[in-house]
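Visitor: I would like a close look at a single part of this model, with the cut-offs stated. Please start from that part and then place it in its surroundings.

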Amino acid sequence: MSPTAVDPSVVGRVLPEREVEVERGRLRSFALAIGETDPVYTDVDAARAAGHPDLPVPPTFLFGVGLGRGAEQDFGWIAELGIDIRAVLHGDQAFTYHALAHAGDVLTLAPRIVDVYSRKGGALQFVVRETAVRRADGTPVADLRETLVVREITA
Amino acid sequence: MTGTDETTVGTELPPLVLPPISRTTLALFGPASGDLNPIHLDLDVARSAGLDDVFAHGMLSAAHLGRLLTGWVDQRRIRSLSTRFVAVTPVHGQPTCTGRVVSVTEVDGERRAELALAVTLADGTTTLTGTAVVALEEL
C-alpha cells in the first residue's frame, strides 16, 4: 500500500532545539565501530599533540549526536508526520562545516523541516530536514541536511 | 599521498578497503552513532517490513567516507561532505571507499579540491555516491 501522504503544510515547521554534550566514550565507541585507526580520534594525548583541545568529532558523527535515546524519542518527529519508521530510508545526507566540535562541547541542535514532496504517484515520499549545530557560545559548527525517503511496505 | 599543493584534477585518494560488514559491526555502530532504527538491528522488525534480513546503516558507509577523507587531509580542512544512499549494504557486504579530485578552485583565499566519492561492494554494486570539498593549503 502507498504510505499516507505527508501534509505539505509541515514545510517550515521548526522542531524543538536540543542541547547535547559530546562524550569522549561515545566518540571512542564510534571510532571502534567504523574501524578508525588514527589515534587522534581515540587518544586525548594524540589529539592534543595534533592541536585539538580534546578528541575531535569525526565528520559524520554529528548526524546522530542528538540521537540514541531510543527509537520512540529519536524518531518521534517522523511518527508525528504519520510515517511508519519501518518505511523510512535515508536518501541523502549533507554536512557543511564551519568549525570542529570536540569532546566536552555542549552543542545545540536546531532542526526544521524544509521540504516535502512525492514521486511515482505518491508511492515514494520525501521529507527534507535541516539542522543547524552550534556551540554553547553561539559559534556555528555545521549545517546538516537530510532527505528521508518513505517507501511502500509490501509486507 | 596526502592532499597537498601537488593535488590536481584526476588525483585519486588512496582507496579505503573495509572488511565485510558483520552483524557485530551493526550492533556496535547503532548505539555508538545514535542510529537505533531497529531495521538495522532486529531481524523481526526487518521481516515485518517485508525484508529478508537487516541491512547496514547508511551512515556507517558515510562514516567510512569520512575516514577516507581524514586519512587524506586533516579534518580541519574538510569544508563539506554530501552523500547519497543509492543501494543498501547487506550483511557480509564488503565496501571499498574511493575518491577522485574533479576540480580545483580558489575560494575565500584558499585552494580547494572538489572530490567525487563512492562506496562500492565487492560485487560491483555502488551503495553510496558523494562529493566533498577540502582545502588543499592556505594561500
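What covers the buried residues of H1(B)?

Guide: This is a predicted model, in which local features need pLDDT of at least 70 and side-chain atom pairs count only at pLDDT 80 or more, while totals for chains, interfaces and linings use all residues. Residues are numbered from 1 along each chain as its sequence is written, and chains are lettered from A and ligands numbered from 1 in the order in which they are written.

The cover of the buried residues of H1(B) includes helix H1 (24–34) of chain A and helix H3 (58–70) of chain B. Elements are DSSP runs numbered from the N terminus: helices are H or I with at least four residues, strands are E with at least two. Helix H1 of chain B comprises residues 23–33, and its buried residues are Thr25(B), Leu26(B), Phe29(B), Gly30(B), Ala32(B) and Ser33(B). Buried means that 20 or more other C-beta atoms lie within 10 Å of the residue's own; with 12 or fewer a residue is exposed, and in between partly exposed, the C-beta atoms being placed from the backbone. An α-helix has 3.6 residues a turn, so residues three or four places apart point the same way. After H1(B) comes Gly34(B), with a positive phi near 95°.

Two strands pair if DSSP finds at least two bridges between them. Asp92(A) faces Arg84(B) of S2(B) in this pairing.

Within chain B, strand S3 (residues 95–107) and strand S4 (residues 110–121) run antiparallel and are joined by 12 bridges. Arg100(B) is opposite Ala116(B) of S4(B). Two residues lie between the strands of this hairpin, where Asp108(B) has a positive phi near 50°.

Before strand S1 (16–17) of chain B lies the segment that holds Pro14(B). Pro14(B) counts as partly exposed because it has 13 C-beta neighbours inside 10 Å. Gly71(B) is 57 residues away from Pro14(B) in sequence, but 8.6 Å away in space, C-alpha to C-alpha.

As for the whole chain, chain B has three helices and five strands, in the order β-α-α-α-β-β-β-β from the N terminus. Of its 139 residues, 44% count as buried. Its C-alpha trace spans about 55 × 30 × 20 Å along the principal axes. Chain A, which supplies the other helix in the cover, has four helices and five strands, and buried residues make up 30% of its 155 residues.

Methods: Two residues are in contact if their C-beta atoms, placed from the backbone, lie within 7 Å.
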